[in-house]
Number of protein chains: 4
Amino acid sequence: MEINDLDLVVPKLGESRIPSPMSGVNFVADDAHVLYHGNLKTVESYQKAGKKPPCFEMAGPREKIYFDPSKLKCGIVTCGGLCPGLNDVIRAIVLSLFHHYGVRTVFGFPYGFEGLTFRYGHVPMELNPAKVQTIHQQGGTILGSSRGPQEVAEMVDTLEQMNVGMLFTIGGDGTLRGARAIAEEVERRKLKIALIGVPKTIDNDISYVQQSFGFVTAVSEATTAIYSAHAEAAGARNGIGLVKLMGRHAGFIAAYATLANSDVNFCLVPEVPFTMEGFLRALEERLVRRGHAVVVVAEGAGQDLMGMSAERDASGNIRLGDVGLFLKDEITAYLKSKGMETNLKYIDPSYTIRSMPATPSDSAFCLMLGHNAVHAGMAGRTSMVVGYWKNEFTHVPISAAVSKSKHMDPKDKLWTGVLSSTGQPREMI
Amino acid sequence: MEINDLDLVVPKLGESRIPSPMSGVNFVADDAHVLYHGNLKTVESYQKAGKKPPCFEMAGPREKIYFDPSKLKCGIVTCGGLCPGLNDVIRAIVLSLFHHYGVRTVFGFPYGFEGLTFRYGHVPMELNPAKVQTIHQQGGTILGSSRGPQEVAEMVDTLEQMNVGMLFTIGGDGTLRGARAIAEEVERRKLKIALIGVPKTIDNDISYVQQSFGFVTAVSEATTAIYSAHAEAAGARNGIGLVKLMGRHAGFIAAYATLANSDVNFCLVPEVPFTMEGFLRALEERLVRRGHAVVVVAEGAGQDLMGMSAERDASGNIRLGDVGLFLKDEITAYLKSKGMETNLKYIDPSYTIRSMPATPSDSAFCLMLGHNAVHAGMAGRTSMVVGYWKNEFTHVPISAAVSKSKHMDPKDKLWTGVLSSTGQPREMI
Amino acid sequence: MEINDLDLVVPKLGESRIPSPMSGVNFVADDAHVLYHGNLKTVESYQKAGKKPPCFEMAGPREKIYFDPSKLKCGIVTCGGLCPGLNDVIRAIVLSLFHHYGVRTVFGFPYGFEGLTFRYGHVPMELNPAKVQTIHQQGGTILGSSRGPQEVAEMVDTLEQMNVGMLFTIGGDGTLRGARAIAEEVERRKLKIALIGVPKTIDNDISYVQQSFGFVTAVSEATTAIYSAHAEAAGARNGIGLVKLMGRHAGFIAAYATLANSDVNFCLVPEVPFTMEGFLRALEERLVRRGHAVVVVAEGAGQDLMGMSAERDASGNIRLGDVGLFLKDEITAYLKSKGMETNLKYIDPSYTIRSMPATPSDSAFCLMLGHNAVHAGMAGRTSMVVGYWKNEFTHVPISAAVSKSKHMDPKDKLWTGVLSSTGQPREMI
Amino acid sequence: MEINDLDLVVPKLGESRIPSPMSGVNFVADDAHVLYHGNLKTVESYQKAGKKPPCFEMAGPREKIYFDPSKLKCGIVTCGGLCPGLNDVIRAIVLSLFHHYGVRTVFGFPYGFEGLTFRYGHVPMELNPAKVQTIHQQGGTILGSSRGPQEVAEMVDTLEQMNVGMLFTIGGDGTLRGARAIAEEVERRKLKIALIGVPKTIDNDISYVQQSFGFVTAVSEATTAIYSAHAEAAGARNGIGLVKLMGRHAGFIAAYATLANSDVNFCLVPEVPFTMEGFLRALEERLVRRGHAVVVVAEGAGQDLMGMSAERDASGNIRLGDVGLFLKDEITAYLKSKGMETNLKYIDPSYTIRSMPATPSDSAFCLMLGHNAVHAGMAGRTSMVVGYWKNEFTHVPISAAVSKSKHMDPKDKLWTGVLSSTGQPREMI
């Protein structure tokens, strides 16, 4: 993929002149950058062409900051569906604002962008370290969430009237677009409000971000459903356990969950097309040979087989057909036509997965993600998200983050690992 | 409930004359009985009326046994839906037959009663301690299962031809009726084959049995779904988390899960009638007051509100309407009619719950249950199940066990505990 | 064991004349009693001798109560070591006092009996439903605890001055003796203060109580340590995994944990004497045959082999020698003398086990235990504990509960199950 | 840290000429390299100085391989202490050898390097996909392990006589040195045997490897001990919960576990010196202010305070003093001297942590690590380990991997996160 370094430049509100109150830490220089490409040859090819190799600004605390912490008020919103780690990120932002910078006023706006819109009448929650100390032990979000955009002007009115200088938006693609629209309106009004996003995608499909929070937990939690699917399948003649996992455009959860659970026999993802005939033949063959099968399907897989709808939900996402129910019906009908009595159990663990608290390593990741969001905002960055790239936290402009979504390459090690773990045919067409 | 002691008498194949090979144990006397009623006054009222207070035969090893272990072959089948602990019970039976009595041949018949029917061609598995040593660590059943009855004569043919002297049937109501039919055919043919049931009902609704295996695990596992329902509900404006739990005729799982999870606001069970209006009003009131609600419903609750169908599944159970989907639709429609935008998440964790391995205490319970099934068979009992009553293992004739099902009394401590935990109205009509 | 019905009579503060505010529940009649013996023959033998068969008073809500809830103040203390379920019991007591009876003042006295003694300066916590709503999700005790007795007169002074009419003491043997001493002083001063104990013994060794809270959780949690011991043992040449579990006088935790974990090869408990030679020979034989071994030992086992000390801890319990370290040294020395290089890993999971939150079924049990403690107190009972006997909650006088401790019978089903699960010799002497 | 690209060059047995049997995958070019430095400025500074920026060879399948799979025999050993994921790595190696390359003979040598030494008489295990299919569900290692080196010549004799062409050594620092010694002897004898290491360090302290397997699981499992320490501490007056975690030279486990568990008040690691006085003063201050404290200490912390011993264990590691017991005694003595009665519970969960199965994401990581070990060996690499650097699997020469150990930088984001999470003073001296 050819990308341009200029696309990765992060907007700033202005120059940072105030000395940071943090001490004893490694400040990150403003010219510290993380190479987008890790392969030396690729880097050299940019250089030979006289171009700067594309780089992310490195995240972290700056020696000089833009905002005066003693006067700053901040806000946080969580938008869209639940994801493990939401409370961890809220907590990390609050702790960093208080302990690293001495900011004393942090509003939690309830129910996503609704909370920024006066006419809903939601009362902002005042957040402080005592209030958030143990919230990461619970799943969900203490702020509540909602889907869909709100009037941009109204939201900026709220920020202006409440004198909020920094807004943290934790949410997915739609939320980031909303945050960008707010940033544009802020600029139009010549306000000084930083918009910092923490990208939330349980599917791990945001571009320029190698790992998003909650993903590791989702892979862990998927284990239970696969375990059950296998016990059900193995316990019945021609038993089939069918599990639908998250993954609208990218099958990362399905793929990793398959790697971690050797009981999966078929993994279906959006990136790897298949025909119903190809899949059903392979499934039949497995049943004949082994008497049972476990199928994991990412929700975005096989959409072409169902006839895509043009409908969209409140967040602006295309409404996917339910591939789980579709497969259930197709499998049952096919095997019946073949005279095989079967026993299919369909498990959709999505709500259970996304509402769990973060696993400990995910939780630690969220903490550092939240800290770096705060550092970015204090340094006057705006219209950006905190990313993670090649083991470093980074600044990514929202424009880049929403430009496309990340996918698995079916020829890469991840999918190769899946194939060798499941034993499924490389092509089912 | 008025019951007669004679109803609790367990059939025997004949007199026990062979000395048990067990040593160093407390043998149970044949006249050891466990009182059905634990209240002294009730016992005395029987005595005053000149009747024997109803009693169960006490389970346990007998000093004299009926079968010669060196010549005995045994069989095991698991029937119906999965239940935590199936593999524990299989393991316990095999270990006891081998280690306590020296029986060397134990067949696992695959896929329930199908495995006893030649024409399916299922090959019996030979079971021994090495094979079952760690199977209790997995959910499901290593034997596989199936629903529905098979030709009784064919099954007895199989037992006769394979020279099986003792058959353990692990299954629910339908299975027990099947076992009784086999026992009757055995008697008609004047064979000496003991039929010993281990009652499997995740709902804990078998009469004369205070606790059935898997129930404690089911209550534990229900916790995850309720947790998720609460996180989803609390994370959305007018959020509702709806969880359907097992419980066709009795709401024990729903009730205990509610006691163990303080987040439940409404618990609906078959034993406590409600009207849709009553429930919806109470739910609306809760939403207005607290902004979210968690509802747990046993699958058999509210069947009268849906119009019962007369359809039955392969096991002969009436096909229940899906009260979860029904409530989902009713709630959504009602609140919409009231102008409340809501956010309902419906979770049906049944497959996940029933396919889990048993919790440690349930596992220990299964072990002793299986041992006592073996002791009963070796002592020549037949057409009975192993029960558990007032902290003792017991023998219960199948005829009694299938005569009716156990229910919660809505005025008793369990339901009273539920009401004080949820705060729901005692009557929603 | 010969016991006398009179020993089971529970003291009362006076006659109950006030109508209970509870409605829609099954009130328990004052003459409802639970038979101590469940075997009909034993009951009849008492009757033939002209004696009343021994019975417990049945627990539960009474139609007439002793205290006027509107004027009543209550207190709760937790004493001694941690045990899963402490917070559940606290919560249940508070919820029942508020919701069932309308009591409005409940003090949590901090740090056990210290909290009742002015000179420590601990400030009582005011408890209400909001404060206790989710405390059962955490292990430990929100009240804090301490060991050892305090001045009885001082504690009664506190109760008197704070006008406390009912004190719930959650603790073990020492705590119950303390509660009885308080009850005696209360009587001497002609006060009307009910003393209701909830017996806390993770070892499950209190007489006349078939199951104490936390026990089921302890068995569950022991699983992790045994799992690790097995992985360590199996991963090394002549590997030995040694796990010390709770059980000062009774090996119930060790025995049930062994039943639930098939990896245990030796289970050592206080009730079954062994010699070091006998055990070491059997262990050596196992190592030679299988290459590794897992040993579970209850802390009170083998005390005779170490030389009992006369020392006592602050709770008045005899300080046991550390049988874990003792066995570790003995095993290592013995096998070294036999020229076997070994690899022993010793795991003592006690703090981890006892500080866990209760499992869901244990949690539900705690809830009903706490409710029944409240019902007992409201009915004017005193100097008693809430027991559980043959599936019923009961009232047990403290005098009976502390008179001796409960043990396993090595000839009974539990130990027989252990032997067939471990394959260890019945006698190691 | 100044490093030289030449230090990262991986030895090869010879040229790869055989076409890989894999198809449909992205082969990795032999000149694909992963930059050691991710910061563009650092890369440019090498270039300006006319030096090649240091790079790792990228791991992955090669189009041409060195060994003929049809004739190749392979071996696997696991050495040193247990670590989560050992069985995952064994499984991954076996599956990749069989399914990716068609190798049919894989020996598992029992008990580490002992298994390569004839005189121990350990019989090699033949490994195949069926045998390893579910081993990753158990902790420990199915091969067994041992500590310490063995005669190099003897081990090479074994490899030669059994015609083993590729040996996978899964172990820590000592094991890698052993593998390098074997590789040197192999070279001296002009044999063609590849030595591929999979670095095992639960402490995550191997240089040039950003994440080692088992680490994420260790952080997860540490949570239980910290939870218990907190419950114990909070449940007693001046309660202190002290947890010792792994971390001989680097405090990564302690630091991440602290980030993931907000209950930790003090985190002590080898990288951050402290004096006993400084720490005790801070602890006392916390107790006075909050009444309890949780302390997490890495085993290698504070060694200077105890007087280092020169003793080494069988693996050649310096025997550390037990900082847990040391702190326990020092804390108790100090607080006693201050007249504070305290209650300290010390928990050492090391055996439990290291014997757990890998968490799902760790398990998926192990799978890919094992695959890449196989790809490296098939491509004729030797005397190297498989690393992970900036999100890519890499080849690292053993000489580099054992040259020094990795540490936390106390000024970096990780430790800064710890400080803001615990609230402990930055300096305790």
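Student: How many of the residues of chain A count as buried, and what makes a residue buried here?

Tutor: In this predicted model, 62% of the 429 residues of chain A count as buried.

Student: Why is chain A called as compact as a globular protein of its length?

Tutor: The globule rule gives 22 Å for 429 residues, and the radius of gyration of chain A is 23 Å; the two values are close, so the description holds. The C-alpha trace of chain A spans about 75 × 60 × 40 Å along its principal axes.

Student: What is the secondary structure content of chain A, and what share of its contacts between residues at least 6 apart in sequence joins residues at least 24 apart?

Tutor: Chain A contains 14 helices and 15 strands. Of its contacts between residues at least 6 apart in sequence, 79% join residues at least 24 apart.

Student: Which domains does the assignment give for chain A, and where do their centres lie?

Tutor: The domain assignment gives domain 1 as 5-38 + 47-212 + 358-401 and domain 2 as 217-355. The C-alpha centres of these two domains of chain A lie 35 Å apart.

Student: What makes residues of domain 1 and domain 2 of chain A count as being in contact?

Tutor: The test is that the C-beta atoms of two residues lie within 7 Å. By that test, 18 residues of domain 1 of chain A are in contact with 16 residues of domain 2 of chain A. The side of domain 1 that touches domain 2 has 5 nonpolar, 9 polar and 4 charged residues.

Student: What forms the contact between chain A and chain B?

Tutor: Chain A and chain B each bring 24 residues to the contact. On the side of chain A, at least two residues come from each of α6 (215-234), β13 (343-347) and α11 (350-354). The most come from α6(A), with 7 residues. By class, this side of chain A has 9 nonpolar, 12 polar and 3 charged residues.

Student: How do you know that the copies meet through the same surface?

Tutor: Of the interface residues of chain D, 100% are also interface residues in chain A, so the copies meet through the same surface.

Technical notes. Residues numbered from 1 in each chain as written. Chains lettered and ligands numbered in written order. Predicted model: local features only at pLDDT ≥ 70, side-chain atom pairs only at ≥ 80, totals over all residues. Helix = DSSP H or I, 4+ residues; strand = E, 2+ residues; numbered from the N terminus. Nonpolar A, V, L, I, M, F, W, Y, C, P; charged D, E, K, R; others polar. Domains from an automatic or database assignment. Rg over C-alpha atoms; globule rule 2.2 N^0.38 Å. Buried ≥ 20, exposed ≤ 12 C-beta atoms within 10 Å, placed from the backbone.
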